[in-house]
Amino acid sequence: MKIGFAGLGVMGGPMARHLVHAGHEVVGFNRTAHKARSWAQANGGRFAATIAEAAAGADLLFLCVGNDDDVRQVVTEALPHLNAGAIIVDHTTTSAKVAREMSALAAGRGHAFIDAPVSGGQAGAENGQLSVMAGGDAAALEAAEPAIMAYSKAVKHMGPSGAGQLTKMVNQIAIAGVVQGLAEAVHFAGVAGLDTGAVYDAISKGAAQSWQMDNRWKTMAEGRFDFGFAVDWMRKDLGLVLDEARTNGAHLALTALVDQFYSEVQSMGGSRWDTSSLAARLQARSDRA
């Protein structure tokens, strides 16, 4: 299958690599041209200087770009060049509104657009273990799914266009609350003079257990925040969540509070720190006390 892939960053690069290894003909595009060239040289794919070139004759076009405006630009530029009946699969985390807009735009040219944000972070992309939540036409998703499974462990159809993005918002709401609770737990254990490693051993097999605890407790306690999903990205995602909540009337007091806490982390110079850096904010407040 001929595939175009736009966005070869920390997520898109490994995802596109898995597609090459699965035997697809992949043409990669990145706004920073040397990234596309380096990706092609390292992974055996081809690189394109423009999105039009990457989309030319493609049966599938994957997107993993930055935001709503990036998606609009890439889709608009790509549509005239795709193979007849091609499917666009957008792994960018965006608003549900832009997903619906792009679905309608693609349909007008005889194509399908699937909003398919992912969960699993950089490690999931590297290891081919992402979870995909998808909105849009079910038949189009079914046709694209064999390719998607090159870098995923699960794909779930959530409903019409926008449903994938709404599900990703639910994911980020849940993560925000869990990470804040975990940061406070690690902070409390340290202030109380407990051995944080022993505390983890004591509570991690019970009701407090979570992916975040298993993967971030130790690094939070050690003050290490150099992982893949940056605070800037989380604030972008939470901004989408809070915008949607203002529209649909959902009450997200905790999410709004955690978003404010992340703004404090940014002011500390932690824009590129991992989301678990909520623990650094608590330590800084304690140090000032």
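Me: Helices H8, H10 (211-222) and H13 (278-288) each supply at least two residues of the lining of the second largest pocket. Which helix gives the largest share of that lining?

Reply: This is a predicted model, in which local features need pLDDT of at least 70 and side-chain atom pairs count only at pLDDT 80 or more, while totals for chains, interfaces and linings use all residues. Residues are numbered from 1 along each chain as its sequence is written, and side-chain values rest on heavy atoms, without hydrogens and water. Five residues, the largest share of the lining of the second largest pocket, come from H8.

Me: Is Gln 172 buried or exposed?

Reply: Gln 172 lies in helix H8, residues 163-191 (helices, H or I, are DSSP runs of at least four residues, strands, E, of at least two, numbered from the N terminus). Its relative accessibility is 4%, and the cut-offs are under 20% for buried and over 50% for exposed, with partly exposed in between (1.4 Å probe, protein chains only). Gln 172 therefore counts as buried.

Me: Which residues does Gln 172 touch, not counting residues up to four places away in sequence?

Reply: The residue in question sits in H8, at 4% relative accessibility. Contact means heavy atoms within 4.5 Å. With residues up to four places away in sequence not counted, Gln 172 touches Phe 229, Met 234, Asp 237 and Leu 238.

Me: Why does His 24 count as buried?

Reply: His 24 is found in the loop between helix H1 (12-21) and strand E2 (25-29). Leaving aside its neighbours within four places in sequence, His 24 is in contact with Met 1, Ile 3, Leu 19 and Ala 147. His 24 is buried because its relative accessible area is 19%.

Me: In which strand is the bridge partner of Ile 3?

Reply: Four of the five residues of strand E1 (residues 2-6) are buried, so E1 is largely enclosed by the rest of the structure. E1 pairs in the parallel sense with E2 over five bridges (two strands pair if DSSP finds at least two bridges between them), and Phe 5 has its bridge partner, Gly 28, in E2. E1 also pairs in the parallel sense, over four bridges, with strand E4 (residues 60-63). The bridge partner of Ile 3 is Leu 60, in E4.

Me: Over how many bridges do E8 and E9 pair?

Reply: Strand E8 (residues 130-135) is mostly covered, with five of its six residues buried. With strand E7 (residues 118-119), E8 pairs in the antiparallel sense over two bridges, and Val 132 in E8 is the bridge partner of Val 118. The bridge partner of Gly 135 is Gly 159, in E9. E8 and strand E9 (residues 152-159) pair in the parallel sense, and the number of bridges is six.

Me: How many Å apart in space are Pro 146 and Ala 22, C-alpha to C-alpha?

Reply: Pro 146 has its place in helix H7. At 61% relative accessibility, Pro 146 counts as exposed. Pro 146 and Ala 22 are 124 residues apart in sequence, and their C-alpha to C-alpha separation in space is 9.8 Å.
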